[in-house]
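Please consult the sequence and structure shown below while reading.

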Amino acid sequence: MPSRPSAGISSRKAPRQARSNELVKAILQAAVQVLEEEGAQRFTTARVAERAGVSVGSLYQYFPNKGAILFRLQSDEWRQTSGLVATILSDGSRSPLDRLRSLVHAFLRSECEEAAVRGALGDAAPLYRDAPEAREAKEANDPLIDRFMTELLPDVPADTRDLAGDLIMTTMATVGKDFSGTARSEGEIEAYAEAMADMFCAYLSRYGTGR
């Protein structure tokens, strides 16, 4: 697949009527099916339109090219992940380390459940990864992570907190992608997540956090 990103990855227009919403929903559902069955290499607007039962012209009313469809799917995935992270890390009724452990479990399970689509979206990333919209979407969680790391490690320098936060999130994403590449049982997911959470807690203990 070409490494050059396509221009214009944003949707042409937002659906305003129920019928338009249903059309966009059908297109996105069809896109997921095409990705799962054909992969990123064979993903085309024509295949998506055919699977959705709509004309290519109707599809182009909302998505100017296949990169726009793929970016919308990726954006929805990022938004879902952001919601997961926000819900868990913002729960002030639980200790920071307990929240971190829950996040690891929830994130790894989510990766395994959505492995097929996420893998295909990863293959398609060259179509949209360098676009400003993609960078903004990926950075949406940064302030939340920063606040959580400040709560978790209040007495360490900011650059150390930044390093720790980046290491944790990057490790989760990288390991999650690799681990979910093979079908896993619930027991395997739980055991792996628990081990990874233990690893993070051991790493953080060097800074004196035990909360």
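Helices are DSSP runs of H or I with at least four residues, numbered from the N terminus. By that definition, Arg72 lies in helix H4, which spans residues 66-89. The model is predicted. The protein chain holds 10 helices and zero strands.

**Overall architecture**

- From the N terminus on, the order of elements is α-α-α-α-α-α-α-α-α-α.
- The protein chain has 211 residues, of which 41% count as buried.
- When contacts between residues at least 6 apart in sequence are considered, 73% of them join residues at least 24 apart.

- Arg72 is partly exposed, since its relative accessible area of 28% falls between the 20% limit for buried and the 50% limit for exposed residues.
- Apart from neighbours within four places in sequence, the residues in contact with Arg72 are Val24, Leu28 and Phe63.
- Leu28 is 44 residues from Arg72 along the chain, and their C-alpha atoms are separated by 8.3 Å.

**Helix H9**

- Helix H9 covers residues 158-179, which makes 22 residues. From first to last C-alpha H9 reaches 31 Å, close to the 32 Å expected at 1.5 Å a residue.
- Its buried residues are Thr160, Arg161, Ala164, Gly165, Ile168, Met172, Gly176 and Phe179. These residues lie on the same side of H9, because they cover an arc of only 135° around the axis.
- The other side of H9 carries the exposed residues Asp159, Leu163, Thr174, Lys177 and Asp178.
- An α-helix has 3.6 residues a turn, so residues three or four places apart point the same way.
- Helices H5 (96-113), H8 (142-152) and H10 (186-204) are the elements against which the buried residues of H9 pack.

**Helix H10**

- Helix H10 has 19 residues, and its first and last C-alpha atoms are 27 Å apart, close to the 27 Å expected at 1.5 Å a residue.
- The residues Ile189, Ala193, Met196, Ala197, Phe200, Cys201, Tyr203 and Leu204 are buried in H10. Seen down the axis, they fall within an arc of 155° and therefore line one face of the helix.
- Packing partners of the buried residues of H10 are H5, H8 and H9.

Notes. Residues numbered from 1 in each chain as written. Predicted model: local features only at pLDDT ≥ 70, side-chain atom pairs only at ≥ 80, totals over all residues. Heavy atoms only, no water. Helix = DSSP H or I, 4+ residues; strand = E, 2+ residues; numbered from the N terminus. Expected span 1.5 Å × (residues − 1). Buried < 20%, exposed > 50% of the residue type's maximum accessible area, 1.4 Å probe, protein only. Arc of directions from axis to C-beta. Contact = heavy atoms within 4.5 Å.
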